[in-house]
Amino acid sequence: MKHKAICVGETVLDIILKNGVPLSANPGGSAFNSAISLGRAGVDTYFIGECGGDDTGAMIGDFLRQNGVHQDCLRHYPGYKSTVALAFLNAANDAHYVFYRDEPAEHQDFIIPEMETGDVLVFGSYFAVAPALRPQMERLLTAARASGATIYYDVNFRPSHAKDLDSLKPAIEKNIAMSDIVRASADDLQTVYGDRDAKPDCRCFIRTDGANGITLSHDGKTESYPVEPLRPVSTIGAGDSFNAGVAYGLLKAGILREGVKADIWDPIIATAKAFSRNCCLSKENYIARNFSVSLQDV
């Protein structure tokens, strides 16, 4: 693989609890989880993001390095604490979150690595539409488009932000317009559009709906992909690992932006499903460290 992945998003420390008992503490964040999965799969990966200048921020940076992800673009803010998220697992091992944030009064520009045709940029969640970060995000997307990189957007819009939807929706729509591939869960679509079957106006759209399967819309065609039954240990990071699997599939096949067409998707979706399934079988937010050895069989 001669090209690289660039993942952009928030950083958090996920403390996972079930029945009131802490199970694990994992560095996380949507695009962060994708970056770790890609690093573990052997992809040359950069992570763009922010954290506090505290022990937790140092741990997050070390974790990137330990998993083969460049940490040069992770900005540490001295005097601020890194975000902590309590993730409460229910009986089905799905999570709901409570966040504890300490954000800087002013965000500096992103540290952006050199990008080129064939690279894949992965971004999404609230970080991608937050007003305080919007100028930086638009500069990054403009640079990615100018470089010829393939842009992958995971809408990942939580109901907790629904009260701000009217003000944030223009940013969501602009992200969609600037992206080559857009993914949203059925829950995201319900939150943003009031319709679990809504289809954003984009060139290539991937809709995921948990155990109900995956739908791909591209070039006026629609394909459906089933999801095999699974008893997850945790679903935290499952969608993020799916995103990593798509990016891995694109990079492994050497597909450039103009080559993202309807006939390339079967093996890429199979890889994304394999990434997501593997993540669900552990308490971590990413694929297992030894998972890359099985990718040749996907």
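Against which elements do the buried residues of α5 pack? The model discussed here is a predicted one, in which local features need pLDDT of at least 70 and side-chain atom pairs count only at pLDDT 80 or more, while totals for chains, interfaces and linings use all residues. Residues are numbered from 1 along each chain as its sequence is written, and side-chain values use heavy atoms, with hydrogens and water left out.

Helix α5 covers residues 186–193, where helices (H or I, at least four residues) and strands (E, at least two) are DSSP runs numbered from the N terminus. Within α5, Ala186, Asp188, Leu189, Thr191 and Val192 are buried, a term that stands for under 20% relative accessible area, as against exposed for over 50% and partly exposed in between, with a 1.4 Å probe and protein chains only. These buried residues of α5 pack against β10 (150–154), α4 (165–178), β11 (181–185) and β12 (204–208). After the helix comes Gly194, which has a positive phi near 70°.

Strand β1 (residues 5–8) runs parallel to β9 and is joined to it by 4 bridges, and here Cys7 stands opposite Val122; two strands count as paired if DSSP finds at least two bridges between them. Strand β10 also runs parallel to β9, with 5 bridges joining them, and Phe123 stands opposite Tyr153 of β10.

The axes of α3 and α4 come within 11 Å and cross at roughly 10°, the axes being lines fitted to C-alpha atoms, for helices over the stretch in contact, with angles running from 0 to 180 degrees between N-to-C directions. The two helices α3 and α4 are therefore roughly parallel to each other, as angles under 35 degrees are classed. On the α3 side Arg134, Glu138, Leu141, Thr142 and Arg145 meet Ala171, Lys174, Asn175 and Met178 of α4, where contact means heavy atoms within 4.5 Å.

A separate topic is the open sheet of 4 strands, which has the order β3-β2-β7-β8 and mixed pairing. Its edge strands are β3 (21–28) and β8 (95–100), each of which pairs on one side only. Neighbouring strands of this sheet are turned by 25° against each other on average, direction ignored. Inside the order, β2 (residues 12–18) and β7 pair in the parallel sense over 6 bridges, with Ile15 opposite Leu86 of β7.

The loop between β6 (74–77) and β7 (84–89) holds Thr83, which is buried with a relative accessible area of 10%. Not counting residues up to four places away in sequence, Thr83 touches Thr11, Val12, Leu13, Phe99, Tyr100 and Arg101. In strand β6 lies Arg75, which, leaving aside neighbours within four places in sequence, is in contact with Gly49, Glu50, Cys51, Gln108, Asp109, Phe110 and Ile111.

Key
Parallel < 35°, antiparallel > 145°, perpendicular 65-115°, else oblique.
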